[in-house]
Amino acid sequence: MQAAVRVLRQGSQFQLRNALLFAQGGVSARYIGTEVRMRHGSCVRQFVTTADIPTKTPPKITKQVPSSSSSSSSSSSSIDRFDSDADQQYTLSWQGATPRTVLIVKKANDKQVDSALVSISRWIHATYPQINVVLEPAVFRHMHKDLPFVRTIPPACRSEYTRVVDFVITLGGDGTFLHVSSLFGEEVPPVIPFSMGTLGFLLPFNVVDFPGQLQKIIERTSTVLPRMRLMYSKCTADGSLDKAGRVNITNEACIHRGTYPHLTTISCYLNDHLLTTSVGDGIIVGTPTGSTAYSLSAGGPIVHPLVSSMLVAPVCPRSLSFRPLMLPASSVIKLQVHRESRGRATAFIDGRDCGELLQGECIEIKRSPYPLMCVNRENLAAGWAQDINQLLQFNRTFSYPHEAPFGDSPVDHDPDST
C-alpha cells in the first residue's frame, strides 16, 4: 500500500498494521490506541491515544451477610481473595462514580442478536454518553456503519481489555458467556448476561429488560455471584511446566482420547496421592458452573454455584464402579496419560482443543484465585430452582396428557370434552 503514515506513538507498528486491516475499503477504523482512515488509496491519520480512555473504575464489592448472623447487613470484602468467603453472594457498586467503558460480546451470525446489540449500544450512548462502548474486532467490522461511536481492541492489544473494561454485557447463550473468560488473562470484570441463545442456563436476564438492568448496575447496586473458576497447567513427561502457562477454566478441563481408536489409560492424582487409574474415553474435572455442562452428560451431579467444590467425572469408563466424585475446592488434581497407555489423549478447556498429550504427560488443575463475577438475580435460590426445572426439566416424569408433572399447577381438564 503506497500510503505515507506518520505514527506519533512509539512502538506502535503492530497497532498501525491492525488499523490498516480495519481500514480497508474506506472504513473508519477506530480502536484504543490509533485511528486510521482510508480515502481513495491514501491514508489520513487521526490518532486516539490510549490515554483517551482512562483506566477502568475499580468497583466496590461487598459481601452480603445474613441479618441473623450479624447486626450489620454487609461487610467489606476484597475481590482478590475468595477463600472461605467464596460461598457467598456479593453486591457491586461504583462508589459514587460512573463506569467508563463497557465491552459488549455477542453471539455470531444471528440477526436478532445484531438488532439487540444496536439497540443497547445506542441506548448506552444516548443515556450515558461518557461511557465508551467497545466491541470485538470482527463485530466492529460488521457493525461500524450502524454504530459510528463504538471502539474496538485489535488482537495485538488484548491486554487493553483488562486495563479499560469496567463491565461486560453478553448477548447470546452460555457459549457467549464462556467466551468472555478467554478475553481476559486473569481477573474478569463483572459480567451481565442477557439470554439470547439456545439454553441460557447461566443467563438470568431477558434482553427485553435491558434498560432497567443496565441502569441498576451503572447507577445503583447489583447482586453479583462469584462463579468459581479453575486454573489449568500442562506438564511435560519430565515434570516441567509447559511454556503455554496457566489458563483459567470456567466449566471444565477434560482429557479425552479424541479421534484415537484405543481407550486411554489415565492416572488421577489427588494432592499428589494416586486416587485411581481409569481406562476409558477420558476424565472431566469441572466447576459447580460446569456441573450442568459436559459433566452432567457424563453422569455427574448438579451442583449449586455457591458450593465451592471440584467435580471429577469419568467419560465412558471401562469399569462400572468408577463413579463421579465431588472434592473440596482446595484440592489439586493431576491427570496423567499413563506411560503404558495404548492411546494418546487430547486436553480440552471449556470445549477448546489445547493440544495433544503424549504418554507420561499430564495436566494439573487447582482452584483459580480469580472467580468470574456474574451479575445475578437478587433471589439466587429461587432463580436457580426455577432454571433447573424449566430449562433442564429436572426430575420430570412420564404422565398422561391430562396430568400435570409434579410441582406444576394442575391442568384444567373437562371430563365432557373429547
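How much space lies in the largest cavity? The largest cavity holds about 130 Å³, a cavity being a set of points on a 1 Å grid over the protein atoms alone where a 1.4 Å probe fits but cannot get out. The volume is the space filled by probe spheres set on the points, which are joined across faces, edges and corners. The structure is a predicted model, in which local features need pLDDT of at least 70 and side-chain atom pairs count only at pLDDT 80 or more, while totals for chains, interfaces and linings use all residues. Residues are numbered from 1 along each chain as its sequence is written, and side-chain values use heavy atoms, with hydrogens and water left out.

The largest cavity is lined by 17 residues, lining residues having an atom within 4 Å of a point. F201, R227, P305, W384 and D387 lie nearest its centre. Helix α8 (residues 380-390) gives the most to this lining, with four residues; helices are DSSP runs of H or I of at least four residues, numbered from the N terminus.

The structure also holds five salt bridges, each a side-chain nitrogen of Lys or Arg within 4 Å of a carboxyl oxygen of Asp or Glu. One of them joins D114 to K106, with the closest N and O atoms 2.6 Å apart, and both residues are buried, that is, under 20% relative accessible area (1.4 Å probe, protein chains only). Another joins E160 to R163, at 3.3 Å between the closest N and O atoms. E160 and R163 are separated by about one helical turn because they are three residues apart in helix α4 (residues 159-164).

Notes:
1 Å grid on protein atoms, 1.4 Å probe; cavity = no way out; pocket = protein on both sides within 12 Å on 5 of 7 lines; lining within 4 Å. Helix = DSSP H or I, 4+ residues; strand = E, 2+ residues; numbered from the N terminus. Buried < 20%, exposed > 50% of the residue type's maximum accessible area, 1.4 Å probe, protein only.
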